[in-house]
Amino acid sequence: MDNKKLIEYKEIAKNVREHIITLSNNGGAFIGSALSCSDLIVYLYTDFLNVSKDKLQSKNRDYFFLSKGHAVPALYGMFIELGWLEVERLNNHLQVNDDIYWHPNTKIPGVEFHSGSLGHSLSIAIGIAIDCKLKETQNKIVVLMGDGELNEGSIWESLLIAHAYKLDNLLIIIDRNQIQANLLTEELIPLNPLNLKFESFGCTVKSIDGHNFIDMNEALKEFPFEINRPSVIIADTTRGKGIRSIENKINKWFVENNDYSVIEYINELNMTNEFEFKMSNLNEL
Amino acid sequence: MNYEEKLIELAHKNESIIILTAENRASIRNLPKVIPNKFIDTGINEQSLVGISAGLALRGRTPIVHALAAFLTMRSFEFIRTDIGYPNLNVKLIGNFAGLLSEGNGPTHQAIEDIALMRCIPNMNIFCPADMDDMIKGLSTIINYNRPFYIRYNDLPTIVNHEEFALGKAEVFGDGNEIGIIVYGTLFNESFKAKEILEAEGYSVRLVNLRTIKPIDEYEILNTVNNCKTIISIEDHYQIGGLYSIISEILVKEKLISDYLAINLQNKFFKPAKLNNILNYEGFSAIQIANRIKEHLVKKEKKLNVQWSNV
């Protein structure tokens, strides 16, 4: 990946984070979770997925399912960057005159399927993937799940089927931020060794830094990782990534904001970004 | 022609049809060999089965999903509600061994709240055929109707010649004005025989086979209420949330009152046994149904007499 692209992706990601914070005004949102998977969503939509505004209903498009539906501010933030959603609509958050609320729904163009109840999207994605296999089409089907979500049994029964039907058109990405709603995953329901769990279910697994676009690029250009097997990416992430006062804070899952705190957070986001930019320049020297 | 043959025939005609099962192959044992490219077995796995069918429907398929009614409607209830009902997807859920048809399996396998569960889901429709012939007659209309449907699979032998199927339209036998029996599904045959018993004894009876429970033929129910002195509902389902509830809701809505006997499973599990033994034990055999109706009429008569003597 060249430097120009990298700078471009980082710029988009910064904008998406700003949208997330703006969206959380008027009643709050699950911003910790959204900030955690923002970079992954940015990469998928700018580089990986074959989707565009005029192709939203095309049978040959790639499919993306946000299984951890409460991270929807990241998705809508990306839709704004893609020009699919008007930025003004963020102000309609939780208003009855629009359809922007705490979980995604298909009234917003680009959302493949509603989510919110955890552990559903994988089975729906498998239905799509099986149909694509039967029709011998080349669609990629991507599901982004939270690590806390992996507590749901439906995910593991769905994995058995994905393996049985040799769904190598299926990519599962785990937003591994180590924190579920209120507790550390390893303190509540330990998942480690997570890669071995997926491998034993017949998937091929890669672990990456979920905030590093170069890492994502390296891993995803090899998709499908292995023929006849579902691909899994375990993306190490930080909940609340980009805003230091939220990062890894257990109580910053759902954050209720007002006009004042929104400005505070956006300032903080800009500071973090400048700091990281300087650090990366230092590293290059 | 049986259900499986009909399904294969429809699958040949309709490109979009795809058959799924959670390793419940009893009613479709030969199908995988005949149309292997239209058959998916998810294993013993009801939640994902329903989720996968939603994904297939999103791709324009018409998934026809088979599983034991108890597990299909209860274990995957939230998937049906959230992934089929809410988005109004064209999925047909075939519940096997519903009601008394679970025979000797016991309470684990008894789907006797399935109507209550399915009917409260927005966009969901329900078809409860009286027997194999009724099921086959309704199948093509229901599969070609682009809406979610729950079908109470019923392969009981047919004792009448059913009329052509129309969505939301009941089938009526006789035009009696004394006793109006309203029934669906498994207990149709016994109800039909009970009607014959009662008629032989001089009673004037009509019998309504509802076929679809949602949409329900409100017109025919009201017709029966308005024309018959006593109405009887018969079902192998809990009293709560089933036909008794449906008719009660209609009566209240129309500000009507009727002499009414509800024959159902009340609020209990039924005795596991062979179907005939269950029918006798639970009081659902034709002769018992006829007797229960006559007892009710005698009680009603006594009540009326008491009321008159008080005047």
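How many bridges join strand β3 of chain A to β5(A)? In this predicted model, in which local features need pLDDT of at least 70, side-chain atom pairs count only at pLDDT 80 or more, and totals for chains, interfaces and linings use all residues, side-chain values use heavy atoms, with hydrogens and water left out. Residues are numbered from 1 along each chain as its sequence is written, while chains are lettered from A and ligands numbered from 1 in the order in which they are written.

Strand β3 (residues 170–176) of chain A is joined to β5(A) by six bridges, and the two run parallel. Two strands are taken to pair if DSSP finds at least two bridges between them; strands (E, at least two residues) and helices (H or I, at least four) are DSSP runs numbered from the N terminus. Within this pairing, R176(A) stands opposite D236(A). Strand β4 (residues 204–209) of chain A is likewise joined to β5(A) by six bridges in parallel orientation, and D209(A) has D236(A) as its bridge partner. From β4(A), the chain passes through helix α8 (residues 213–220) of chain A to β5(A) in a right-handed β-α-β crossover; right-handed denotes a clockwise path from the first strand over the helix to the second, with the strands pointing away from the viewer. Strand β5 (residues 231–236) of chain A is mostly covered, five of its six residues being buried (under 20% relative accessible area; exposed is over 50% and partly exposed in between, with a 1.4 Å probe and protein chains only).

The interface between chain B and chain A buries about 2100 Å², 57% of it on carbon and sulfur atoms; buried area is the accessible area (1.4 Å probe) that two parts lose on being put together, summed over both. Chain B contributes 24 residues and chain A 26 residues to the contact, defined by heavy atoms within 4.5 Å. Two salt bridges are counted between the chains, a salt bridge being a side-chain nitrogen of Lys or Arg within 4 Å of a carboxyl oxygen of Asp or Glu. In the salt bridge of D131(A) with R61(B), the closest N and O atoms are 2.5 Å apart. On the side of chain B that touches chain A, β2 (39–41), α3 (46–58) and α5 (77–85) of chain B each give two or more residues. The largest share, nine residues, comes from α3(B).

In chain B, L117(B) lies in helix α6 (residues 114–119). L117(B) counts as partly exposed because its relative accessibility is 22%.
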